[in-house]
Amino acid sequence: MSAVSTRLKQLDLFLEEPASPAELGAGQEALQARYDSLAAEWKLPLARVVLTARRATGGVITYGPPHVIRVSSHMSAEDRLQTLLHETAHAICFARWDVAEGHSSRFWSIARKLGVARKAAPETERLRRVREANARYAYRCPGCTAEWTRRNPFGRARLCASCERAGRPARLILVRRPKPARRRAAWKR
Ligand SMILES: [Zn+2]
Ligand SMILES: [Zn+2]
């Protein structure tokens, strides 16, 4: 319904303020300190903890020496910490077994001991924007005005599922397609 289009508009209003270098620095130091104390407790090798704006959400560990743990700065302080703990659980598994441990049940039991409550990286404003930027096709339902964005076009005509359920079938209309990149390049010359 109209709630959907309102929400789409609101997203545009919440233009993300990039974190200040001071905030990033302090956040990174806090995460590093947390890793260092866990490393002492669990006898882990050194890791460099990096708070980065390049990741839209979550984190990743690159095994060392030294390990490098990258945590997305586009998350709340609590989710940043959750991510650090998740990656630290990977470091523990790596020390005990090997990389191939992945997200096994042994991994999750260690993660829980560290205080990991989240099973997946959180949705972030940044992630939504990346997805938006990658979505090249947009469809709108003329019945309820809901919109969908997709990387690839639908192969054939689609009906809006909720309007169909409500007994008034409506065919989605294509409202955005990729811009012709070649013509724009030629115009620049
Ligand atoms: Zn993981
Ligand atoms: Zn509809």
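Mentor: Two residues are in contact if their C-beta atoms, placed from the backbone, lie within 7 Å. This is a predicted model, in which local features need pLDDT of at least 70, side-chain atom pairs count only at pLDDT 80 or more, and totals for chains, interfaces and linings use all residues. Residues are numbered from 1 along each chain as its sequence is written, and chains are lettered from A and ligands numbered from 1 in the order in which they are written.

Trainee: Which residues does Ala89 touch?
Mentor: Leaving out residues up to four places away in sequence, Ala89 touches Phe107, Ile110, Ala111, Leu114 and Val116.

Trainee: And how many residues has the largest nonpolar core?
Mentor: The count is 17, and Ala89 and Leu31 are among those with the most contacts inside this core. Such a core is a set of buried Ala, Val, Leu, Ile, Met, Phe, Trp, Tyr and Cys residues joined through C-beta atoms within 7 Å; buried means that 20 or more other C-beta atoms lie within 10 Å of a residue's own.

Trainee: Which element gives the largest share of this core?
Mentor: H3 does, with 6 residues. Helices (H or I, at least four residues) and strands (E, at least two) are DSSP runs, numbered from the N terminus.

Trainee: Changing topic, in what order do the strands of the open sheet lie?
Mentor: The order of the 3 strands is E5-E4-E6, with antiparallel pairing. Strands pair if DSSP finds at least two bridges between them. Strands E5 (147-150) and E6 (173-176) each have a single partner strand, so one side of each lacks a neighbour in the sheet.

Trainee: How many bridges join E4 to E5?
Mentor: There are 4, and Tyr139 stands opposite Trp148 in E5.

Key
Buried ≥ 20, exposed ≤ 12 C-beta atoms within 10 Å, placed from the backbone.
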